[in-house]
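Subject: A structure for you to explore

Hi there,

Here is the structure I promised to hand over. Please open it beside this email and look up each residue as you read.

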Amino acid sequence: MRDQPYRLPVGGLVDRARPLSFRFDGKGYQGYAGDTLASALLAAGLRVVGRSFKMHRPRGVFSAGAEEPNALVRVGRGAEAVPNLRATEVLLTDGLEAFSQNAWPSLHCDIGALKGAIASAWGTGFYYRPALAPRWAWHLMEPLLRRSAGLGPAPGNDAIETRTPIHQHCDLLVVGGGPSGLKAAMAGVANGQRVLLCDDQPRLGGSLLWCARSIDDLPSVQWAETCAQHLAASEDCVILNGGVCFSLGDGSLALIEQRLGPGRSQLWKVRAREIVLATGAMERPILFPGNDRPGIMLLDAARRYHKQFAVRPAWQPVVLTNNDSAYEDLAGLGVQAVLDLRPEVAPHVCAKLNDIPLMTGVQVRATEGRKGLTAIRLQDGERIPCDGLYQAGGWAPSLQLFSQAGGRLQFDEALGAHLPMGPLDSIRVVGAARGGVDLGGGQAMQRQDLSLLSNVKQPIFIDLQNDVTFQDIVSARDQGFQSIEHIKRFTTVGMGTDQGRTATANLIRLLADLQGQDPNEIGHTTYRAPVAPVALSAVIGKAAERWMAPLRKTPFHNASEHAGADFVESGLWLYPRVYALPGESLAQATKREVLNTRQNVGMVDMSSLGKFDLRGPDALTFLERVYCNGLAGLQVGRTRYALMLREDGLIFDDGTVTCLAEDHYHLTSTTARAGEVWLHLEALRQIHWPDLKVTLTDVSDLWAALAVAGPNSRSLIASLAPGLDLAQPYGGLAIGEVAGCPARVFRLSYSGELGYEVHVHADQAEAIWQALSQAGRDFGLLPYGLEALDVMRIEKGHIAVGTEIDGRTTPGDLGLGRMVSNKKDFIGRALLQRPDLQATNRRRLVGLRPLDPNASIPPGCLLAERPWRGDKQDPTGHATAVIDSPTLGGSLALALLQDGHNRHGEQLYALSPIIGESCPVEVTSPHFYDPEGRRQRD
Amino acid sequence: MAMLRIPCPWCGERDETEFTIGPDAERSMPPLDGASDQGAWHAYLHLRENKRGLRAEYWYHGQGCGRWLRIVRDTMTHKITLVADVEEDA
């Protein structure tokens, strides 16, 4: 345990009664409750706390807030570690363990620092260079670049504690708990508004906690405390401490990450009638050679460490400034001299210095100290020994959120930074963010003389985190980059976790001066969400892995599970894939299920189909317009296969239409398209054809459906429903009871066998399953899953969504051209007539069989005239579905082949360039099994 | 992330996530009278103005009333200036 050499004996807002132990890079230190990791590291006298990203230069704490570019740390160990946290934002807790980043093997002896020496390899735009190098060079560069490109490693899942986002509505959202934010929140509460106050610090007050002013005759800290207590006591005010508002979007949705600790955060989605942005202003650095040595920091940060944390970051610091704000609140900082860029300073300003010596018209030409500042050298050669340099280069209002919400910014010459232009609808900017408080005697600000920055030996860093220098910006300009957006991307300026907070204002000023332009012509880079680094786990919340989307289970789920189903996710559905016996493989089980269905009887869950109830006097007119095939002749009690086209003439979906009464129809869609079909039908009914008298009801979830198929299916159902007429022809419908359950029994078949679809009310699913299973023992009934369903439809040459209905095929392509009615108009008719959709050389549905019955057609194969020899040839078709057929033996496939319907009997090659194989195949009809359909119809 | 709030005439002001955006409401579907030709359908389906400013569009309130709504939205600001049930509007 070490003591705290830089901690002052008294003062500050830390709780000296509660000392905390922590470890940094394996060594033990001590701080107090109320410290941040940064203040505790400074108290311990640690000057080097990290290495820079690109050049691995030693760096120290630079700021005291979210703008921190240097002090990035990893908190925690192993898979629990959370990387890239700003030490200035990490609250000290007892036992905290933190590590520096970008340093290997150690902070003080870093091999990567050698890279800094090989400057040519890491010049401007370094990560674009390999793209221009010879191709082989990329393989050498890639591992090096990848390692350099990342910051800390991502944490393991165990480190992440997810929470469900909280939705909050309020009259007034105040972002920022400094003086202006507190005033706005107090006023809101006084006006009877419901207020949400969000502040990124653990304690309200903002700059009040470290400035020495008084408000309403109270010292600032007490005033802040009084406000905080008042607001906390109000029922109408919610205070989010540690809440970072990182996005403000359209419709005034504010996203706030409330930081509860490393790896723990809570997302708030806030809707407010009115938003007040009291986001404050940040101090800007001053550009000078060697401006990155540990010990160099922002003056306001030094004030904060001193007043709030009772830490002196340096014992003999100097202040470097260009404006009057630096002359405030210097007492106790131990400043040995104030260096002002301006040739003259007004006497009433100088008077504030008391005994501190002042030097005017100063330029810093160099700095010294390998692992921390030891001296600076001025333009006249004078050397000033010092262990700290506090810079005050003016202020930059924090307007990222305002800009994100659509607010426009204007560069203010006097301030040297952007100010908001005009108000937004429901968003106000107040306080320092509006330039509304005294930000240091604006007019007296001195601009930097760029000519003095040229021809210097040491680098001048504009963006400390990404190691982008003044020299890099000049170099980018020399290479033709002018737009600030291009310069940002080429040099990476402003692209770090700090989002270039300390870089942007200086960059704009610099570019304007370099190009002789008005800063408003330069503009600024786009401020996008997130404004501050946000844990992805906070944004995602619980919506990951199996919580990402709802998982739908059919009414037969429990029964299927009981029957030994292995489930598979298909879309949102959890669907029985196969009912494997112990020790059986997927293929073996599928084969058994198929053969049993073809020889005896099987049943399969069809409940996930879309089912829609259509009623009304104009129901038939509606159907005739929706489907491409004629339905006018459909009699009551009959079902017809029907095809729906998109407006552009391609196939949208297939399903069935059943006429229940003259003005009452039952429609089904595929499982995959059920949602889209419903939207389509409702759009047509409500928007396009409001004159048609029809109603449409989604009854998908009301009906549980089992397809019972196989030669024994009729006898099986008849044994449970003696009163039903099951001898009806294909497409018939019997309504009655099956095993005591009210049921609709459709005579339909997807498998190609004699089959019935039994639809019962969803709450009777369990009952019908049990009844069928029990009665089915005498008939050889076995349930079958998605695999067997698919195998049987492929053997039969039936089409499916996703494989044959792939968004590119017309009815004619799939051999269904004769279904398309020429007696009526329907959706898709006009554009189906387009010449390319009617062309004779389109790819058409065919079957494939290998010439060698023992060979396997490679899955996902292409069709070509020549075998695979590793060379290029234009394919003439592709397979859509490949199986080993249990019924017919051997491999078979459905395929789309150019002009295929005229090519049955031809020999082609099924190529798989991926596995480098080809298989000679014969083109056949796609209907492999029972092509006349006797089994399902007779 | 849902951004918009849509004042549904039936359900009140609701989050954008409850809705699905549908077809452009600036043009109407050609009638299915056997006479509408490829040109009319091509224009309806493929030609878009990509308007800057006010634009009429259809949104479906799938997690609410199940009605299609006609909404006028400013493509620059996303501000919604009119919401009506398609039937009221027709």
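First, some ground rules. This is a predicted model, in which local features need pLDDT of at least 70 and side-chain atom pairs count only at pLDDT 80 or more, while totals for chains, interfaces and linings use all residues. Residues are numbered from 1 along each chain as its sequence is written, chains are lettered from A and ligands numbered from 1 in the order in which they are written, and side-chain values use heavy atoms, with hydrogens and water left out.

**Salt bridges**

A salt bridge here is a side-chain nitrogen of Lys or Arg within 4 Å of a carboxyl oxygen of Asp or Glu. Over all chains, the count comes to 53 salt bridges.

One of them joins the side chains of Arg7(A) and Asp35(A), at 2.5 Å from N to O. This pair links distant parts of the chain, 28 residues apart: Arg7(A) is in the segment before strand 1 (15–24) of chain A, and Asp35(A) is in the loop between strand 2 (27–33) and helix 1 (37–43). (Helices, H or I with at least four residues, and strands, E with at least two, are DSSP runs numbered from the N terminus.) Are these two residues buried or exposed? Arg7(A) counts as buried because its relative accessibility is 9%, and Asp35(A) is buried at 1%. The cut-offs are under 20% relative accessible area for buried, over 50% for exposed, and partly exposed in between, using a 1.4 Å probe and protein chains only.

Another salt bridge connects Arg509(A) with Glu413(A), at 2.9 Å from N to O. Arg509(A) lies in helix 12 (residues 504–515) of chain A, and Glu413(A) lies 96 residues away in the loop between strand 26 (408–412) and strand 27 (417–421). Arg509(A) is buried at 12% relative accessibility, whereas Glu413(A) is partly exposed at 40%.

Next, look at Glu753(A) and Arg598(A), whose closest N and O atoms are 2.9 Å apart in a salt bridge. They are 155 residues apart in the chain, and both are buried.

There is also a network of salt bridges linking Arg57(A), Arg59(A), Asp292(A) and Asp467(A).

**Rings**

Arg59(A) turns up again here: its charged end sits over the ring of Phe461(A), 4.7 Å from the ring centre. For this, NZ of Lys or CZ of Arg must be within 6 Å of the ring centre and within 35 degrees of the ring normal. Arg625(A) sits over the ring of Trp689(A) in this way, with its charged end 4.9 Å from the centre.

**Where the chains meet**

Now to the interface, where 31 residues of chain B are in contact with 34 residues of chain A (contact means heavy atoms within 4.5 Å). How many salt bridges does the rule find across the interface of chain B and chain A? There are two, including one between the side chains of Arg271(A) and Asp15(B), at 3.3 Å from N to O. On the side of chain B that touches chain A, strand 3 (20–24), helix 1 (38–46) and strand 4 (54–60) of chain B each supply at least two residues. The largest share, six residues, comes from helix 1 of chain B.

Enjoy exploring!

Best wishes
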